[in-house]
Amino acid sequence: MTSVRQASPTDVCKLNLCNLDPLTENYARKFYFDYLVRWPTMFIVAENLKGQIVAYVMGKVEEDPDYVKLLGADKYLPWHGHVTCLTVAPQYRQMGLAKTLTARLDQACEQENAWFMDLFVRVSNKTAINMYKGMGYSVYRRVIDYYSDDPTGNGTSEDAFDMRKSLSRDRSQKYIREDGENHSINPEDIYHP
């Protein structure tokens, strides 16, 4: 049995069960603490009965600076939620924790009146892509060579899918596309193509 709650500062030292997965991005402790301070309701953990963190999601809300509007409406990325990291310890997968944590993050972003949610996922991570599609996300575009590390050991970079899901504010689904897998950009063009 697990309980889901907002993360606390002491949790940052208890993420090892999740962070040992090669597909999980690992960050410096300062990065985790920054999220706790700036977006406390968007750092959510699942804890087992032994007090171990067995899954977590970190997210934030953001938008482009106002000057980007001067470049044109098509260049501007409005107020939206972002899934920075979602991970579940291997022995706790297939229990619905990822879906539960993501739903809690969606709710937090809805309360912030975000237009949509977005995330980046390795194109080789079919399990995660299918899971996100099952939660209502769709591919918005492919980002060429987004991941410069290589967990497979082949020594190459890997593309990412930028996936998005409309929230209630985006009734017309303006920030979603049906043919996103046919659109590619370079990493430096993610925010301002």
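Tyr-35 is buried, with a relative accessible area of 3%. Buried means under 20% relative accessible area, exposed over 50%, and partly exposed in between, using a 1.4 Å probe and protein chains only. The model is predicted: local features need pLDDT of at least 70, side-chain atom pairs count only at pLDDT 80 or more, and totals for chains, interfaces and linings use all residues. Residues are numbered from 1 along each chain as its sequence is written, and side-chain values use heavy atoms, with hydrogens and water left out.

**Aromatic rings**

Tyr-35 belongs to one aromatic cluster with Tyr-27, Phe-31, Tyr-32, Trp-39, Phe-43 and Tyr-56. The structure holds 13 aromatic pairs. Rings of Phe, Tyr and Trp (its six-membered ring) pair if their centres lie within 6.5 Å; planes under 30 degrees apart count as stacked, over 60 as edge-to-face and the rest as tilted. Two of these pairs involve Phe-31.

| Pair | Centre to centre | Angle between planes | Class |
|---|---|---|---|
| Tyr-27 and Phe-31 | 4.2 Å | 25° | stacked |
| Phe-31 and Tyr-35 | 4.9 Å | 45° | tilted |

Phe-31 and Tyr-35 are 4 residues apart in helix H2 (residues 29–38), so about one helical turn separates them. Helices are DSSP runs (H or I, at least four residues), strands likewise (E, at least two), numbered from the N terminus. Phe-31 is partly exposed at 27% relative accessible area. Tyr-27 is partly exposed too, at 26%.

**Charges over Tyr-140**

Two arginines sit over the ring of Tyr-140. Arg-164 lies over its face, 3.6 Å from the ring centre. The charged end of Arg-177 is 4.0 Å from that centre. The criterion is NZ of Lys or CZ of Arg within 6 Å of the ring centre and within 35 degrees of the ring normal.

**Glu-158**

Glu-158 is found in strand E7 (residues 158–166). Its relative accessibility is 11%, so Glu-158 counts as buried. Its side chain makes a polar contact of 3.2 Å with the side chain of Arg-122. A polar contact is a pair of N or O atoms within 3.5 Å; within protein, one must be able to donate a hydrogen and the other to accept it, and residues adjacent in sequence count only if both atoms are side-chain atoms. Beyond its neighbours within four places in sequence, Glu-158 is in contact (heavy atoms within 4.5 Å) with residues including Val-123, Asp-145 and Tyr-147.

**Helix H3**

The buried residues of H3 include Leu-101, Leu-105 and Asp-106. Just after H3, Asn-113 takes a positive phi of about 65°.
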